[in-house]
Amino acid sequence: MNFLKKLNEIDPYSLNEKDKQKLFSSSLIKLNQHHYKNCNEYKKIIKFLNYNIKNSQIEKMPYMPVTLFKKFNLSSIPKNKIIKTLVSSGTSGNEVSKIFLDKENASNQTKILSKLFSKITNNKRLPMLVVDSKNILKDRNLFSARGAAILGFSMFGKDITYALNDDLKLNIKTLNYFLKKYKDQKILIFGFTYLLWEYFLKEINKKEQNINLTNAIIVHGGGWKKLSDKSISNHQFKNYFKKYGAEQVINYYGMVEQTGSIFFECNKGYLHTSIYSDVIIRNNDLSVSKLKQEGIVQLISLLPTSYPGHIILTHDKGKLIGVDNCQCGKLGKYFLISGRLKASELRGCSDTH
């Protein structure tokens, strides 16, 4: 899509909401028309809703509940153009979402993720420790959310080292060797939140290892449901890492249905939209919530072209905190995720172990 080329020339957090929405609205209209033309299921939904796909009001544009990606194979490309299929996690016995990517969509995901993440690493590739098992990357044509995230973030690393064995037990020898090798360099530690907690933090604490993480950037996301069940908050999670000297612990929020345009946490603790993404919070009656009012999270992304996942309604709850005035300096909307809808199916960005 040509509109992405125009956006790629702009800093991802530099547009105020008014200027962003002008570009965003016109781009979404093109995406609506594209999926209407190329996806029969999406076309049926639009017709059923009697919606005018040229309507420029973003808040009134039709959204796809994430459950639909579990029930139907939603695609806007011919089967022979599919180069990769991403699958969401699901509890045992439950269906998973399937996301079909062509070469263009996969490439755009990689480019935009790189552009967003370069703000954290200053465009440097860092020695990278993945708190997971290499086993997760076995089938490169059918990626789980966990595998897709590892592969995506591995672009920013070098000497990629896996900290967990195939049984997900921490390999202390590998960990100590990696930390010793790069003790005087900045390093990147990546993992899903629950794995970092259960198989990394708890293990090094239990074994009373003399671990120094003062030079580490910790990036994590997904798996919060299990930690919230244990009454462990994001603040507490960060504090556990601080025990080992880690000051830069960055949470991110994203879904397999919109891989690439994820939301990174700023140094004030808020998740930020970029020029490629947007968020709307809705009340239970699906009207738009007021500022700082908890509601259902709707996510919008300009990246999905091979499948109609550009506007989705999630099972998550959240609050829009503010617009264009975060103390971190980034422009645009910033928000918090507060949990899951009680009656929804348990689903997450990481595989259930």
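# Exercises on a predicted model

Lys-292 is exposed, with a relative accessible area of 55%. Here exposed means over 50% relative accessible area, buried means under 20%, and partly exposed lies in between (1.4 Å probe, protein chains only). This is a predicted model, in which local features need pLDDT of at least 70 and side-chain atom pairs count only at pLDDT 80 or more, while totals for chains, interfaces and linings use all residues. Residues are numbered from 1 along each chain as its sequence is written, and side-chain values use heavy atoms, with hydrogens and water left out.

## Exercise 1: The whole protein

Work out how many helices and strands the protein has, and find how its radius of gyration compares with the globule rule.

Step 1. Helices (H or I, at least four residues) and strands (E, at least two) are DSSP runs, numbered from the N terminus. The protein has 10 helices and 15 strands.

Step 2. With 353 residues, the globule rule gives 20 Å, and the radius of gyration is 20 Å, so the protein is as compact as a globular protein of that length. The radius is taken over C-alpha atoms, and the rule is 2.2 Å times the number of residues to the power 0.38.

Step 3. Along the principal axes, the C-alpha atoms fill a box of roughly 65 × 45 × 40 Å.

## Exercise 2: Cover, contacts and charges

Find what share of the residues counts as buried, and what share of the contacts with a separation of 6 or more joins residues 24 or more positions apart.

Step 1. Buried residues make up 55% of the 353.

Step 2. A contact means heavy atoms within 4.5 Å. Of the contacts with a separation of 6 or more, 71% are between residues 24 or more positions apart.

Step 3. The accessible surface is about 16,500 Å², and carbon and sulfur atoms hold 49% of that surface. Such areas come from the Shrake-Rupley method with a 1.4 Å probe; for residues, only the protein chains shown count as cover.

Step 4. For charges, Lys and Arg count as positive and Asp and Glu as negative, with His and the chain ends not counted. Each charge is placed at NZ of Lys, CZ of Arg, CG of Asp or CD of Glu. There are 55 positive and 29 negative charges, and their mean positions are 3 Å apart.

## Exercise 3: Positive phi

Find the loops that hold Asn-123 and Lys-292, and give the phi of Asn-123 and of Lys-292.

Step 1. Asn-123 sits in the loop between helix 5 (103-121) and strand 4 (126-130). Its phi is positive, about 65°, although Asn-123 is not a glycine. Asn-123 counts as exposed, at 67% relative accessibility.

Step 2. Lys-292 sits in the loop between strand 12 (277-282) and strand 13 (295-301). The phi of Lys-292 is near 65°, again a positive value in a residue other than glycine.

## Exercise 4: Sequence and space

Compare separation along the chain with distance in space for Lys-18 and Asp-324, and for Asp-184 and Val-288.

Step 1. Lys-18 belongs to helix 2 (residues 17-38) and is exposed at 63% relative accessibility. Lys-18 and Asp-324 are 306 residues apart in sequence, with 9.7 Å from C-alpha to C-alpha.

Step 2. Asp-184 lies in the loop between helix 7 (172-181) and strand 7 (187-192). Asp-184 and Val-288 are 104 residues apart in sequence and 49 Å apart in space, C-alpha to C-alpha.
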